[in-house]
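Please read the following explanation alongside the sequence and the three-dimensional view.

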Amino acid sequence: IAEEGAEEQEEYHTIMKGTERGKGPSSSHEFQAETRKLLDIVARSLYSEKEVFIRELVSNGSDALEKLRYMQMTDAEISDPDLPLEIDIEVDASKKTFTIQDTGIGMTKEEMIEHLGTIAKSGSKAFLSELSKASEASAKSSIIGQFGVGFYSSFMVSDKVEVFSKSYKPGSVGHKWTSDGQGKFEISEAENVQRGTKIVLHLKMDSHEFCQEDVIKDVTKKYSNFVGAPIYVGGKKANTIQPLWMLDPKDVTEDMHEEFYRFISKSYDRPKYTLQYKADAPLNIRALFYVPDAPMAWEMSRELDAGVMLYSRKVMIMNQAKGVMPKWLRFLRGVVDSEDIPLNLSRELLQDSALIRKLRTVLTNRLVRYFLEQAKKDPEKYKEFYKDYGMYFIEGILNTQDQQEREDIARLLRFESSTKHPGETTSLSEYAERMEAGARTIYYFHAPSRELAETSPYFEAVKEKGHEVLFCFNPYDELVLLTLQQFDKKNLRSIETEMAADQTGT
Ligand SMILES: Nc1nc(Cl)c2cnn(Cc3ccc(Br)cc3F)c2n1
């Protein structure tokens with residue numbers, strides 16, 4: 001008798017039939033001028049790596065399914081109502097073809113032509129300005145935002161593309177669109193077309209890796225692991241993990257966070273802190289941040305695996321999007337998803353786009369506020385956290401030019417103090433609250449240990465005057481206060497300079 005626990009073979013599942021066929025006369029059309037321009041921009045590898053055509057086509061299929069789901073909710077009439085909502089990908093190593101099919105809203109003949117044209121018209125303008133880098137991230141137009149220029153990326157890897165599509169509207173007729181991407185396309189009616197869109201890529205000689213199933217499975221998992229619809233590659237489900245950041249926070253359990261954290265951080269520890277953040281204006285943001293339980297020691301030096309993953313509507317744009325977060329927050333793991341970011345954001349644009357700068361400011365302010373809230377909520381836990389991660393905040397202050405920003409981060413700093421027991425820490429804000437009305441100076445003293453600090457004549461003198469003194473036991477603590485100079489309109493002064501001033505009477 002077969003072992004009870006035997007891993008049951010995941011059953012093969014596909015909705016692909018392969019019986020679609022053009023029928024009747026076909027009409028031939030010229031690409032509009034813009035289309036050709038856009039086509040060769042895209043085909044001339046506008047994208048950093050060819051494999052992204054899979055992400056683009058999956059993204060279009062996912063949007064088509066979301067639109068159909070929306071139609072179903074508004075109970076519009078849908079053809080093939082019990083056809084499952086999914087994306088299927090099949091490859092044929094002998095025919096050198098890559099085929100992707102979705103059961104989404106599909107296209108009428110007019111939409112096939114109109115979408116290509118519209119994408120090209122608005123696409124190339126937005127693209128060219130985006131390419132000129134000088135522009136802000138292109139404003140999202142409905143077509144680009146939904147069906148982007150992604151379809152054109154098919155021509156990076158194929159010299160012939162066939163598209164079968166049938167609109168969800170009952171009674172629609174299926175059509176077949178064919179092109180080699182050089183300048184013309186043919187359209188004819190087609191039979192046996194299911195609701196949705198099927199795209200068959202005849203791969204170029206230099207792109208045969210894309211008719212290998214394991215390559216496709218890896219690329220699909222890499223970019224589209226969190227797409228809402230099920231994606232089958234070679235009849236096996238390829239996407240598994242739920243996009244936690246899109247769920248309502250109260251529906252996400254600790255265990256779900258732990259599993260997701262381990263998946264994205266490729267580690268076995270659990271997050272020390274978890275922040276799920278949503279905003280709709282001025283930017284659309286769905287973010288999920290984790291603080292690893294302990295920083296990887298080597299992390300401070302190497303940037304390996306740094307940064308959060310950048311997504312746009314559950315489709316990955318970049319998996320180590322340095323620049324979305326400030327350098328001093330590189331210890332964070334997680335996802336930032338914004339539909340306001342174009343899917344084809346390049347690494348260069350990531351560095352200098354005003355949109356990304358705005359996103360970074362919003363996220364940084366929210367995270368500083370979050371850590372302050374946590375410090376208030378559980379000071380002990382925060383003190384542990386600060387032991388491991390305080391260095392990052394100090395680095396943040398040392399590398400920031402703006403005084404206000406420095407003071408915002410400085411609220412996270414912690415020091416031992418002459419008014420606290422050894423081992424206890426306090427913050428600059430708490431020190432300020434304890435100052436007498438009208439007092440203008442926050443004192444600190446750098447010494448290798450508390451004993452040496454408390455037996456120093458400098459310290460005795462200041463203590464006599466009844467001033468609280470913050471202790472800096474490592475040079476960075478002193479350097480950060482020296483750099484900060486002021487906090488909340490008080491002057492930060494080392495008692496060493498204070499004593500020197502007294503001696504010389506200055
Ligand atoms: N999967 C999918 N589903 C839908 Cl509803 C649409 C609408 N536009 N696009 C992009 C596109 C446009 C023209 C041609 Br020809 C092919 C093509 F993929 C879509 N792709």
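A residue is called buried when its relative accessible area is under 20%, exposed when that area is over 50%, and partly exposed in between, with a 1.4 Å probe and protein chains only. The model is predicted, so local features need pLDDT of at least 70 and side-chain atom pairs count only at pLDDT 80 or more, whereas totals for chains, interfaces and linings use all residues. Residues are numbered from 1 along each chain as its sequence is written, and side-chain values use heavy atoms, with hydrogens and water left out.

Helices (H or I, at least four residues) and strands (E, at least two) are DSSP runs, numbered from the N terminus. In these terms, Ser79 belongs to the loop between helix H2 (52-73) and strand E2 (87-92). Contact means heavy atoms within 4.5 Å. When neighbours within four places in sequence are left aside, Ser79 is in contact with Ser167, Tyr168, Pro170 and Arg195.

The sheets come next. Strands of a sheet pair through backbone hydrogen bonds, either parallel or antiparallel. Two strands are taken to pair if DSSP finds at least two bridges between them. Nine strands make up an open sheet in the order E1-E6-E5-E4-E7-E3-E2-E8-E9, and the pairing is mixed. At its edges stand strand E1 (21-30) and strand E9 (236-237), each of which pairs on one side only.

Within this sheet, strand E4 (residues 158-166) has seven of its nine residues buried, so E4 is largely enclosed by the rest of the structure. E4 runs antiparallel to strand E7 (residues 196-203), to which eight bridges join it; Val161 has Leu201 of E7 as its bridge partner. E4 also pairs with strand E5 (residues 174-179) in the antiparallel sense, over five bridges, and here Phe164 has Lys176 of E5 as its partner. Six bridges link E2 and E3, again in the antiparallel sense, with Ile89 partnered by Ile100 in E3.

Two helices lie across strands of this sheet. Their axes are lines fitted to C-alpha atoms, for helices over the stretch in contact, and angles run from 0 to 180 degrees between N-to-C directions. H2 lies across E2, E3, E7 and strand E8 (231-233), at about 20 degrees to E3. Helix H6 (residues 213-224) lies across E2, E3, E8 and E9, and runs at about 160 degrees to E8.

Another open sheet has five strands in the order E15-E17-E16-E19-E18, with mixed pairing. Strand E15 (416-417) and E18 are at the edges with a single partner strand each, so one side of each is left without a neighbour in the sheet. Strand E16 (residues 441-446) and strand E19 (residues 490-494) run parallel and are joined by four bridges; Thr441 stands opposite Asn491 in E19. H15 lies across E16, strand E17 (469-472), E18 and E19, at about 150 degrees to E16.

Some backbone details remain. Most residues other than glycine have a negative phi, and most peptide bonds are trans. Lys96, in the loop between E2 and strand E3 (97-102), has a positive phi near 55 degrees. Gln485, in the loop between helix H15 (475-484) and strand E18 (486-487), has a positive phi near 65 degrees. The peptide bond from Ala281 to Pro282 is cis, with omega near 0 degrees.
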